[in-house]
Amino acid sequence: MAVTKCKKTNNNNIKNIMLIGETGTGKTTLINSMMNYLYQVNFGDSYRYYLINEINNKQGGQAMSQTDKISTYYIRPPATDYALNIIDTPGFGDTRGYEFDLNIIQQIKHLFSTTISYIDAVCFVIKAPQARLTCNQLYIYSQLLGNFANNLNNNIFILFTFADSNMPIAIKSLQDSNINIPHNKYYKINNSGFNTFDNKNINKINKITNKLYWKMGMETFKQFLNDIQHLEPISLQPTQTLLRCKNEIENYINKIHRIKMHDIANLDNQLKQQKDIIVQCNQDIKFNKKYSETIKNAVFETINIEGKGIATTTCLQCNFSCHDNCPYTKDCDKHLCNVIMNGYCVKCPRKCHWSEHSNVPYILKQNDKVIIDSNAKYKYKNGVSKKNSAQKMIKKIEKKLVKSERMLNRIMNKALLCMNRIDVMVLAEIKYNKIEYLNQLINSEENNKNVGYRNRITKLQEIKNREHIINIVRRAQNAKTINVIRRARTKISLQDKV
Ligand SMILES: Nc1nc2c(ncn2[C@@H]2O[C@H](COP(=O)(O)OP(=O)(O)OP(=O)(O)O)[C@@H](O)[C@H]2O)c(=O)[nH]1
Ligand SMILES: [Mg+2]
Ligand SMILES: [Zn+2]
Ligand SMILES: [Zn+2]
Ligand SMILES: [Zn+2]
C-alpha cells in the first residue's frame with residue numbers, strides 16, 4: 001500500500017479528512033478499519049490492512065492517549081476517485097490533562113498553518129454507548145468544539161464507534177448535556193469487525209458478529225466517502241484566526257495574572273506596609289508630642305553691668321530688675337523712675353513702694369526653664385520623619401498602582417476584544433459553569449487520591465485562576481469597554497464581508 005506523508009496541495013482531488021475526539025474513542029482503529037474499505041479487502045480474505053501501528057506499551061496504558069502527535073497520511077486508494085490526506089489526532093482528555101490538551105491545539109494550529117489550507121471533513125469520533133457525560137467530557141467537548149470556526153458547519157461529521165444496530169445512546173447523552181455538535185450527518189461503526197481476520201480460530205457467534213460489524217462498517221465507509229465526494233472543501237483561514245485569537249487570549253490571561261497576582265498584589269502589600277507605618281508613627285507622634293516642658297521664670301541670671309555707665313531700678317524686696325536702663329542714678333530719685341506710678345512700682349511682682357528700689361551694678365533676669373525628655377523627643381522626631389517618608393512612598397506606590405491598573409485595563413480590553421471575536425467566529429460553544437466543573441474535578445481528585453493527584457490539583461487550581469480572570473474580563477463591560485467591543489464588532493463584520 002502506497003502511504004506517504006501528507007501532501008501539501010490545493011488540488012480539489014485530494015480530500016483532507018481529520019479525526020478528532022476524546023482519547024480511546026477509536027480514531028486510530030477507525031482509520032485502520034477504513035483502509036480495508038479503501039483497499040477493497042473482503043471479509044473472507046486472509047489479511048487486513050493497517051495504516052497505523054501503535055505499540056501499545058506506553059506508560060499509562062489506555063489512560064494515556066495512544067496517539068502522541070498529529071499524523072497525516074497521504075493515500076491514493078483504488079476505492080475512491082480522489083486521493084486522501086487522513087489526519088489522525090491525539091485524543092483530548094487523557095491523564096496528562098489540560099497541558100496535553102493545549103498541546104494538541106497547538107499541533108492542530110501548526111498543521112493548519114503549515115500543511116493544509118482547507119479541509120473536507122472534520123470527524124468527531126464518539127463512543128456510541130456513551131451514557132451520561134461526565135464533567136470531564138463536557139470540558140473535552142468544549143475544547144473540541146471551541147477550536148473550529150463556524151464556516152466548517154457543513155463539513156462536520158460524527159462517527160460513532162463501538163456502535164450496534166440501535167441508535168447511539170451518545171446522541172441522547174449529548175442532547176441531555178446541551179451539547180450541540182453542528183454536523184452534516186452521523187455514521188456508525190464498530191471496529192471490532194475489522195480487527196480480526198483469523199476467523200477460523202474464533203467461535204461461531206463471534207464470527208457472525210464480526211461479519212455483521214464488518215458489513216456495517218463497509219457500508220458506513222461507502223456512504224461517508226460518497227458523501228464527502230461532493231462537498232466543497234472549506235478554507236481553514238477563519239479557524240487559523242480563531243486559534244490565533246485563542247493563543248492571544250492565553251498570553252493576555254498570563255499577563256493579567258502576572259499584573260494582578262504579582263505586580264498589583266505586591267504594590268498593595270507595599271501600600272499596606274506604609275499605611276501601617278503611618279499608623280504607628282501617628283501613635284508615636286501623639287504620645288510623644290509633649291516631649292518638652294517649660295517652667296516659667298525658673299532660672300535666674302545676673303548680668304554684670306559694672307563700669308558700663310548704666311543705672312538700674314532694682315527692687316530689693318522682689319529681687320527683680322524693674323528698669324534696666326534708668327536715667328535716675330540716685331536711690332532717692334527712684335520715685336521719678338518710669339516704672340513708678342503713684343509711688344508704687346508697676347513692674348516688680350509685689351508692686352512694691354518706690355523706696356524699696358535701688359540702683360545696683362547688675363541686671364537680674366528671670367528665664368524660663370525647658371525640660372526635655374530626650375527619649376520622647378527622639379520618638380517624636382523619628383515619628384515625624386518616618387511619617388513623611390512613608391507619605392512620599394505612598395505617593396510613589398499609588399502612582400505605580402495607577403500605572404499597573406491602567407495597563408491591566410488595557411490588557412483586559414484587548415482580551416475582551418479577543419473573546420468577543422472568538423464568540424462570533426466559533427463553531428459552537430458549550431455553556432457550563434467552568435468554575436463549578438473545576439471544583440468538582442478538584443474534589444474528585446481529593447477524594448480519589450490517585451497517583452499524582454497533588455500535581456493535578458495544582459494544575460486545576462491554575463486553570464481555575466485563569467477562568468476567574470476570564471470571568472473578571474467578561475464582567476468588565478463598562479461603558480468604555482462596550483464601546484471598544486462595538487467598534488470591534490463592526491470591524492469583524494466588515495472583515496467577514498470581504
Ligand atoms: N469493541 C470495540 N473496540 C474498539 C472500537 N474502536 C476502538 N476500539 C478499541 O479501543 C481502544 C482504543 O482505540 P484507539 O484507536 O487507540 O483510540 P484513539 O481514539 O485513537 O485513542 P487516542 O489515540 O488515545 O486518542 C483500542 O483497544 C481499540 O481496539 C470499536 O468500535 N469497538
Ligand atoms: Mg489514536
Ligand atoms: Zn527708671
Ligand atoms: Zn519694682
Ligand atoms: Zn518689689
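Predicted model: local features only at pLDDT ≥ 70, side-chain atom pairs only at ≥ 80, totals over all residues.
## Basis

Local features need pLDDT of at least 70, side-chain atom pairs count only at pLDDT 80 or more, and totals for chains, interfaces and linings use all residues. Residues are numbered from 1 along each chain as its sequence is written, while chains are lettered from A and ligands numbered from 1 in the order in which they are written.

## Nonpolar cores

The largest nonpolar core has 64 residues. A nonpolar core is a set of buried Ala, Val, Leu, Ile, Met, Phe, Trp, Tyr and Cys residues joined through C-beta atoms within 7 Å. A residue is buried if 20 or more other C-beta atoms lie within 10 Å of its own, exposed if 12 or fewer, and partly exposed in between; C-beta atoms are placed from the backbone. V122, C123 and F160 touch the most other members of this core. Helix α5 (residues 204-229) gives the largest share, seven residues. Helices (H or I, at least four residues) and strands (E, at least two) are DSSP runs, numbered from the N terminus. Domain 1 (3-235) and domain 2 (253-289 + 392-497) each supply at least three residues to this core. Those bounds come from an automatic or database domain assignment.

Leaving out residues up to four places away in sequence, V122 touches M18, I20, F148, L152, N155 and I156. Such a contact has C-beta atoms, placed from the backbone, within 7 Å. A second, separate core has twelve residues, among them I256, L417, C418 and V473.

## A three-stranded sheet

Three strands form an open, antiparallel sheet in the order β12-β11-β15. β12 (320-323) and β15 (357-358) stand at the edges with a single partner strand each, so one side of each has no neighbour in the sheet. Two strands pair if DSSP finds at least two bridges between them. Strand β11 (residues 313-315) is joined to β12 by three bridges. Here T313 stands opposite H323 in β12.

D333 lies in the loop between β12 and β13 (340-341). D333 is partly exposed, with 15 other C-beta atoms within 10 Å.

## Positive phi values

Most residues other than glycine have a negative phi. F162 has a positive phi of about 55°. F162 is found in the loop between β7 (156-161) and α4 (169-176). F162 is partly exposed, with 18 other C-beta atoms within 10 Å.

N297 also has a positive phi, near 50°. N297 is found in strand β10 (residues 292-304). N297 is exposed, with 11 other C-beta atoms within 10 Å.

Key: Contact = placed C-beta atoms within 7 Å.
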